[in-house]
Structures are given as C-alpha cells and as structure tokens.
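Visitor: Please take one part of this model and go through it closely. I would like the cut-offs stated along the way.

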Amino acid sequence: VIGTSLGGYYIRARNVQDAATPDLLTSAWEVNSAHSGRQFSSFEEDALVQSVCAEPARDALMHFLKKVQVCDLASTWLAPGTRPCCGSWVGVLCDRDFNVIGLNLSGKGCFAHLDLSMLTPLPLQVLNFSGNAFHGNVDLSQLPRTLKVFSLHGNRQISGLLNLSGVPSQLQALDLGHCKLYGSIDLDPLPDSLEFLNL
C-alpha cells in the first residue's frame with residue numbers, strides 16, 4: 001500500500017481475491033448480526049437472565065448509553081428485564097454463547113464525544129459507528145484488542161491528527177472515510193491482517 005496524505009482510498013490485502021472485496025465491512029456486519037436480538041419465552045427469559053445473560057458487558061454498554069445523546073437506543077436498552085443478548089437491544093451483536101461481540105450503530109443519529117476507552121474492556125469484534133455525529137479526535141489505541149472491523153465513515157465532526165499506531169493486531173477492516181482527519185500517513189503500524197482501509 002502506498003499513501004502519503006489523507007483523502008485517499010487504500011486496500012491492503014494478502015492476495016488479489018481479498019483486494020477485490022471492498023464490501024468486507026458489510027459482510028462482517030451481516031454475519032455477526034445473525035446472532036443478535038433473539039427473542040425468548042418468559043420461562044426461558046427468567047432462566048437465562050439468572051445464568052448466561054447476566055453479562056458484565058451490560059454495565060459497560062449502559063455507561064456508553066449515558067454518554068450518547070439523541071441515539072435511538074434507550075427504548076430497547078432500558079426495557080425492563082432485558083439483557084444485551086437476551087432481548088432485542090438495537091445495534092448489539094452477539095455470538096451463540098450470548099457474548100456481546102459488536103455494536104452496529106450505523107445511521108442511528110448518535111451524537112456524542114467519541115470516547116473509545118468505555119469499550120476497551122469488552123471483547124468486541126465489530127464497531128460500526130458510521131453515518132452518525134460523533135465528534136472529537138479518535139485514539140485507535142483505545143480500540144478493544146479483539147476488534148476486527150471498525151468504521152467511523154461519515155462522522156464529519158471527527159477531526160484531528162490521524163495516528164494509525166496502536167491499532168488491534170487482528171484488525172481486518174478500518175474505515176475512517178469522510179471524517180475531518182489530517183496529516184501524513186504512516187502505514188507501517190498497520191497489522192498484516194488488514195484487508196480493507198478507507199481514509
């Protein structure tokens with residue numbers, strides 16, 4: 001990959017087939033979304049809430065919700081008796097073991113200062129914040145170490161100097177397009193796992 005300034009579109013891939021799949025972000029979200037928002041009977045709900053659904057992720061997500069304004073999340077995230085993976089929490093992606101593995105908040109009208117440190121402790125694989133109104137700078141070193149897909153595409157109030165150092169070692173897709181980031185690009189810190197890069 002060759003690049004010296006922002007405003008370009010880059011794809012880094014291990015082979016030609018990977019380079020021909022710019023929809024990697026979409027496919028990743030679709031795959032993970034297949035396990036989100038499941039519904040249960042009242043008996044199942046009671047049993048699950050007392051066991052696997054008593055997730056520590058809930059506290060972190062509720063802290064995140066308090067910092068976000070306007071976003072259309074409260075109606076489901078604050079519903080009585082629900083948990084992130086045992087109900088229909090909007091935008092929460094879960095695996096088959098009831099673990100929270102991602103947030104897909106694309107186009108939800110979220111307005112907040114971007115503080116990724118609130119999500120650092122969670123074992124997330126996908127963070128899709130595209131098409132919102134998050135503002136502030138972005139510190140990629142605060143992303144969860146397990147993250148594979150991250151998008152801030154179209155958050156035009158995200159600004160500041162771009163620093164690609166400290167990104168998760170398993171990151172496969174990074175989309176920061178249509179943000180107000182500036183500066184020269186040093187691609188050396190990017191992991192070999194990265195297949196999609198949009199700046």
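Predicted model: local features only at pLDDT ≥ 70, side-chain atom pairs only at ≥ 80, totals over all residues.

**The disulfide and a buried loop serine**

Guide: Cys85 and Cys94 are joined by a disulfide, with an S to S distance of 2.0 Å; the term covers a pair of cysteine sulfur atoms within 2.5 Å. Residues are numbered from 1 along each chain as its sequence is written, and side-chain values use heavy atoms, with hydrogens and water left out.

The disulfide of Cys85 and Cys94 is left-handed because the torsion about its S-S bond is about -90 degrees. Cys85 counts as buried at 1% relative accessibility, and Cys94 is buried at 0%. Buried means under 20% relative accessible area, exposed over 50%, and partly exposed in between (1.4 Å probe, protein chains only). Cys179 is also buried, with a relative accessible area of 15%.

Ser130 sits in the loop between strand S5 (126-128) and strand S6 (133-136); strands are DSSP runs of E, at least two residues, numbered from the N terminus. With a relative accessible area of 10%, Ser130 is buried. Its side chain makes a polar contact of 2.7 Å with the side chain of Asn128. A polar contact is a pair of N or O atoms within 3.5 Å; within protein, one must be able to donate a hydrogen and the other to accept it, and residues adjacent in sequence count only if both atoms are side-chain atoms. Leaving aside neighbours within four places in sequence, Ser130 is in contact (heavy atoms within 4.5 Å) with Leu105, Ser106, Gly107, Ser151, Leu152, His153 and Asn155.

Methods:
Helix = DSSP H or I, 4+ residues; strand = E, 2+ residues; numbered from the N terminus.
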